[in-house]
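Here are my notes on the model you sent over.

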Amino acid sequence: MDTIFFPTQIVPRLKIFAEHIILATIACLTAMVQGKYLDLTLGHWQVALTTGTGAGILAIIFSIGLLKRYKETKYFTALSVFVATFCADIWVHPTHFGGPFTEALSTAAFAAVISILVSIVKGKK
C-alpha cells in the first residue's frame, strides 16, 4: 500500500519536494528578470521561493500513488514539474510579460527542461 505515512515513502517524497522547489525557483527567478540576474531583488527571491514551495507541495500531492513513476522516468518527473510550477506560478503572482498565462507557461517549460537536463546528468531513464 502506497501511502505518504509509511516511513519508506517519506524520504523519496522529501526529495521530490526539494527537487521541485529548486527547479521552480530557478525557473521563476529567470523568468521574472528575463535572464538579467543582476536585477534580482529580495522581492524576486520571495516570489520565486513561494512559487517553488507551492510547486513542491503540489508535487507531493501528485506523488501519492505515483511514486514509482517518479523514480522510473525523467519525462513523468518533467511533466510533474511543469504542471506544479505552472499552477504555483499562477497562484503566487500575476504575469510580468505577455498574456495572463505567458510567464507561467515559460517558467513551467523552463523548469521542465531543467528537470530533464538534471535527470540526464544523473543517468535517470
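Predicted model: local features only at pLDDT ≥ 70, side-chain atom pairs only at ≥ 80, totals over all residues.

1. Residues are numbered from 1 along each chain as its sequence is written, and side-chain values use heavy atoms, with hydrogens and water left out. Helices here are DSSP runs (H or I, at least four residues), numbered from the N terminus.

2. Staying with α2, the helix covers residues 42-63, which is 22 residues. From first C-alpha to last it reaches 31 Å, close to the 32 Å expected at 1.5 Å a residue (the expected span is 1.5 Å times one less than the number of residues). Its buried residues are His-44, Ala-48, Thr-51, Gly-52, Gly-54, Ala-55, Gly-56, Ala-59, Ile-60 and Ser-63. Buried means under 20% relative accessible area, exposed over 50%, and partly exposed in between (1.4 Å probe, protein chains only).

3. Next, α1, which runs over residues 7-33. Its 27 residues should span 39 Å at 1.5 Å a residue, and the end C-alpha atoms are 40 Å apart, so the two values agree. Gln-34 comes after α1 and sits in the loop between α1 and α2. Its phi is near 50°, which is positive even though the residue is not a glycine.

4. How do α1 and α2 meet? Their axes come within 7 Å and cross at roughly 145°. Axes are lines fitted to C-alpha atoms, for helices over the stretch in contact, and angles run from 0 to 180 degrees between N-to-C directions. By class, the contact residues are 16 nonpolar, 8 polar and 1 charged. Ala, Val, Leu, Ile, Met, Phe, Trp, Tyr, Cys and Pro count as nonpolar, Asp, Glu, Lys and Arg as charged, and the others, Gly among them, as polar.

5. Leu-29 lies in α1 and counts as buried, at 6% relative accessibility. Not counting residues up to four places away in sequence, Leu-29 touches Leu-40, His-44, Trp-45 and Ala-48 (contact means heavy atoms within 4.5 Å). Phe-17, also placed in α1, counts as partly exposed at 24%. With neighbours within four places set aside, Phe-17 contacts Thr-53, Gly-56, Ile-57 and Ile-60.

6. On to α4, residues 74-92, and its packing on α5, residues 102-122. The axes come within 8 Å and cross at roughly 150°, so the pair is roughly antiparallel. For that label, angles under 35 degrees count as roughly parallel, over 145 as roughly antiparallel, 65 to 115 as roughly perpendicular and the rest as oblique. The α4 side of the contact includes Tyr-75, Val-81, Phe-82 and Phe-86, and the α5 side includes Leu-105, Ala-108, Ile-116 and Ile-120. The contact residues divide into 14 nonpolar, 5 polar and 3 charged.

7. α4 also packs against α1, at an angle of about 60° and with the axes 10 Å apart. That makes α1 oblique to α4. On the α1 side are Glu-19, His-20, Leu-23, Ala-24 and Cys-28; α4 supplies Thr-77, Ser-80, Val-81, Ala-84, Thr-85 and Asp-89. The classes come to 5 nonpolar, 4 polar and 2 charged.

8. Is Thr-85 buried or exposed? This α4 residue is buried, with a relative accessible area of 0%. Leaving aside neighbours within four places in sequence, its contacts are Ala-24, Thr-51, Ala-55, Thr-107, Ala-108 and Ala-111.

9. Last one: Thr-73, in the loop between α3 (67-72) and α4. At 25% relative accessibility, Thr-73 counts as partly exposed. Beyond four places in sequence, Thr-73 touches Lys-124 and Lys-125. Thr-73 and Ile-116 are 43 residues apart in sequence, and their C-alpha atoms are 9.7 Å apart.

Note on methods: Helix = DSSP H or I, 4+ residues; strand = E, 2+ residues; numbered from the N terminus.
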